[in-house]
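Thanks for coming. I will go through one model today, starting at the ligand and then moving to a few single residues. Please have the sequence and the structure open.

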Amino acid sequence: MLRATALRNRVWRSATWLGLADSQGQVTDPVISTYQALAEGGVAMIVTGLTSISAIDATIGGECRFFDDTFIPGHRRLTDAVHRCGASILLQTAMVDGMVDELSTSQVDAVVHAFGAAACRAERAGYDGVQIHAAHFFYLSKFISPLFNHRTDCYAGAAILPAILSAMRATTSPNFLITMKINSTDEYPGGLDQNRFLEACHLMQGLDAIEVSANGTSRRGIRAGVNEGPFLPAAARLASEVDTPVVLVGGLRSVEYINHVLADTSIAYIGLSRPLVCEPNLVLRWQQGDTTPSRCISCNGCYSTAGHRCVRQH
Ligand SMILES: Cc1cc2nc3c(=O)[nH]c(=O)nc-3n(C[C@H](O)[C@H](O)[C@H](O)COP(=O)(O)O)c2cc1C
């Protein structure tokens, strides 16, 4: 249970950009059918692919956008379809790129305000909540990285994150979920390291969940029972320090390993991306007793297919 949202199990679909929106960034039927298949396949929570909340943002190609009210009807169709299948859904609010040091304080205030407005719009579109995307070197993860942020004003360090959280809380109702995905390390010398990651998370009092990732996002060569869960140490450490539910994502492939994570650490949920690209019904398959590990071989072929489908035949 997260606030008023009951989750049917502990598996989240981690945000996965589909590239299926139209040229304006509007939700299309293929976007809806992809998420509906995931909801039918048993996951408890779906986080949408990154969705830009700024009209002047860069684009990564075919991602959904959400910077004014014209986007609400399409997202409402999406949330209704997912809810009908018993899953919950968070909008991953993001900016792809932008300046950090060069912005005046009031220009950063405007960015913060835009995230707040997007959360309000997401609630009106039927989302159970949002996920603030502060990972994978998209804009907010750069903004909190010492490699990019040399500011000395009120937005030094990771201060933009609690400002966004406050702006979102101010525009949404008390049961609306506000979560965050964050790098546990930038994996660059002088970048965000584990201490700064923990400090940033401690700033986010009142968040409903923190999903722990890192740069080097979708690691190749993950094998069940061999090298699963590369970000487990950072996520387990965070979960031991905060009351906020922690979601571990990255390289989780087998029921045995997932059960170990959930039983032996304080991590509350696990996130899957490529295993659900490979098999949208993986959770149902496991629940029905076929507990063979995910068939995903972490080849990352999905990144280069239309709709980010699996390149292998099953
Ligand atoms: C095709 C594709 C698109 C992705 N898009 C996003 C995204 O929009 N936002 C995000 O936070 N992570 C995105 N990711 C990263 C995943 O959410 C996840 O963190 C990563 O793939 C590791 O988990 P896995 O081993 O279960 O795939 C994407 C991954 C893939 C394969």
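Which ligand atom does a backbone N or O atom of Trp17 lie 2.8 Å from? It is a nitrogen atom of the ligand. Before going on, the ground rules. This is a predicted model, so local features need pLDDT of at least 70 and side-chain atom pairs count only at pLDDT 80 or more, while totals for chains, interfaces and linings use all residues. Residues are numbered from 1 along each chain as its sequence is written, and side-chain values use heavy atoms, with hydrogens and water left out.

Back to the ligand. An N or O atom in the side chain of Gln92 is 2.8 Å from a nitrogen atom of the ligand. On the oxygen side, a polar side-chain atom of His133 lies 3.3 Å from an oxygen atom of the ligand. The ligand taken alone exposes 610 Å², and the protein buries 98% of that (Shrake-Rupley method, 1.4 Å probe). There are 23 residues around the ligand (a heavy atom within 4 Å), and the nearest are Ala15, Gln92, Ser218, Gly251 and Arg274.

Next, Ser14. It sits in the loop between strand 1 (11-13) and helix 1 (29-40); helices here are DSSP runs of H or I with at least four residues, strands are runs of E with at least two, and both are numbered from the N terminus. Ser14 has a relative accessible area of 1%, so it is buried (under 20%; exposed is over 50%, partly exposed in between, with a 1.4 Å probe and protein chains only). Its contacts (heavy atoms within 4.5 Å), not counting residues up to four places away in sequence, include Val47, Glu211 and Ser273. Lys181 is also on that list.

Now Ala224, in the loop between strand 7 (209-213) and helix 7 (232-241). Ala224 is partly exposed because its relative accessible area is 35%. Leaving aside neighbours within four places in sequence, Ala224 is in contact with Arg253, Ser254 and Pro293. Glu256 is 32 residues from Ala224 in sequence, and the C-alpha atoms are 9.1 Å apart in space.

Last, some backbone angles. Glu187 is not a glycine, yet has a positive phi of about 60°. Glu187 lies in the loop between strand 6 (177-183) and helix 6 (194-203), and is partly exposed at 38% relative accessibility. His308, also not a glycine, has a positive phi of about 50°. His308 is in the segment after helix 10 (282-287) and counts as buried, at 10% relative accessibility.

Technical notes. Polar contact = N/O pair within 3.5 Å; in protein donor to acceptor, adjacent residues only side chain to side chain.
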